[in-house]
Amino acid sequence: MAATGTIQPGDLLLSVPRSAIFSHHELFQVSGPVELAPEHALLLAILVEARKGRESAWYEYLRLLPEQELILATWTMQDIELLQDTELIESAIAAKRKWKEVLSTFQQTVSTYAKDFTVDDIAWAWSIAASRSAYMEENAWKESEQSLRPPKANRSERGPGCTYDGSGVGVLIPLLDMFNHSCYPVSKAGYNPVSNTYDLIADAAYAAGEQVFIHYGPLSNRELVEHWGFTLRDNPHDSVRLSIFEITRAESTPLTDPDLISAAQILGLENPLSADASYAIGFARGKASFWDSVPWQLTTSLQLSALEARICDCEHVDLVETLANGVAVCGCVQKLCISQLEDALLDRHARLQTSVTKASTAAAPDHVKTAATNYLSCQDDIVQSILRTRTDSISESSGTG
Ligand SMILES: [Zn+2]
């Protein structure tokens, strides 16, 4: 979506009347109440309307929809694995399972309709519903359905397309779903109960010809690829998730020292420190230091293991006490933890670099190549800063030595 003229903050960008919001309600109007979960009802409504072709009141909108959205469920596992992101792999397995569930439930509960549509038809409608729908609060929606009064303002924080989780009702809002996402809030969207319209208001100024964005939320590349199949090159909300296992390379790190066990208990950390426990480390744009964005549970877990291993001769009792107060301990322990974390990040970056090379030579689809490149570019800054710090400390020590 591009601005055709100058836009000022506060300008109304889009106003979609209630009657133009596509929901399963349209289907019920013609065929009477159907006992369906809202997600299946929306799926069926999309299929039924699309099948009507020019007869459908939604024809002009439906014909603009892409042939297939690149939702995660449609990626091959091989392509997903190229992104070296354990959490994304788990999401993909869940998304594929979800799609199978939706398909079989759909085929069973609406068998009278389902026979009219191929699996490809249903997959298309599912990809549209999964990636383009916005959510209205269920109570507000029910109220509007029963009485056809305007629904209350949509207070949902979720952007369009978050997979249906049992709360709220998915609807398609024509034109709103044509805007691309920007990582910075650039517009406000929501249902306006006074005018009975879904409104989008500019938060920034735009010159004619500039692309106008909406903001789905402060989302990492993993979250973006999970729900919408795309990633951003320079995403300030991106993060990398590391497990204690990946950092310490130890299968498990049980604490045996009674003082450390009680310190872990005070801090609410597990013992043995779960090697599988993983933490998202943000990329710290605008923060004083990268380490500000490392969760304290992770740094403290690493410090506990370092103290258990007695890596230094500093006064053990004092260190444990300091740690139990949630404060970083002596320089030797801190230095070890930082270098473990940095090594893990450098390792991850190097593996991802290999993936990008592999993706470009292995004739992977373009969206996979782009995702791998964007995953990597978001990690570049932190890797460069780690390497710079290391070079500086080498030259400092050689300078003074
Ligand atoms: Zn020490």
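Is cysteine 314 buried, partly exposed or exposed? The points below take up this residue and its surroundings in what is a predicted model.

1. **Cysteine 314 and cysteine 312.** Cysteine 314 is partly exposed, because its relative accessible area of 30% falls between the limits of 20% for buried and 50% for exposed. Cysteine 312, by contrast, counts as buried, since its relative accessibility is 16% and the limit is 20%.

2. For four tetrahedral donors the ideal angle is 109.5 degrees.

3. **Helix 12.** Residues 296-308 form helix 12, which has 13 residues. From its first C-alpha to its last, the helix reaches 18 Å, close to the 18 Å expected at 1.5 Å a residue. Just after helix 12, arginine 310 adopts a positive phi of about 45°.

4. **Burial of helix 12.** The buried residues of this helix are Leu298, Thr300, Ser301, Leu302, Gln303, Leu304, Ser305, Ala306 and Leu307. Their cover includes helix 10 (244-248), helix 11 (258-266) and strand 9 (278-282), together with helix 13 (316-324) and helix 14 (331-361).

5. **Arginine 222.** This residue belongs to helix 9 (residues 221-228). Arginine 222 counts as buried because its relative accessibility is 16%, under the 20% limit. Its side chain makes a polar contact of 2.6 Å with the side chain of glutamate 226. When neighbours within four places in sequence are left aside, arginine 222 is in contact with Asp85, Glu87, Leu88, Ser91, Asp238 and Tyr375.

6. **The aromatic pair.** How many aromatic pairs are counted in the model? The count comes to 1 aromatic pair. Phenylalanine 22 and tryptophan 58 form this edge-to-face pair, with 4.9 Å centre to centre and 85° between the planes. Phenylalanine 22 lies in the loop between strand 1 (12-17) and helix 1 (24-31), and tryptophan 58 in the loop between helix 2 (38-52) and helix 3 (59-62), so the pair ties together parts that are 36 residues apart in sequence. Both phenylalanine 22 and tryptophan 58 are buried.

Methods: Residues numbered from 1 in each chain as written. Predicted model: local features only at pLDDT ≥ 70, side-chain atom pairs only at ≥ 80, totals over all residues. Heavy atoms only, no water. Helix = DSSP H or I, 4+ residues; strand = E, 2+ residues; numbered from the N terminus. Expected span 1.5 Å × (residues − 1). Buried < 20%, exposed > 50% of the residue type's maximum accessible area, 1.4 Å probe, protein only. Contact = heavy atoms within 4.5 Å. Polar contact = N/O pair within 3.5 Å; in protein donor to acceptor, adjacent residues only side chain to side chain. Phe/Tyr/Trp six-rings, centres within 6.5 Å; stacked < 30°, edge-to-face > 60°.
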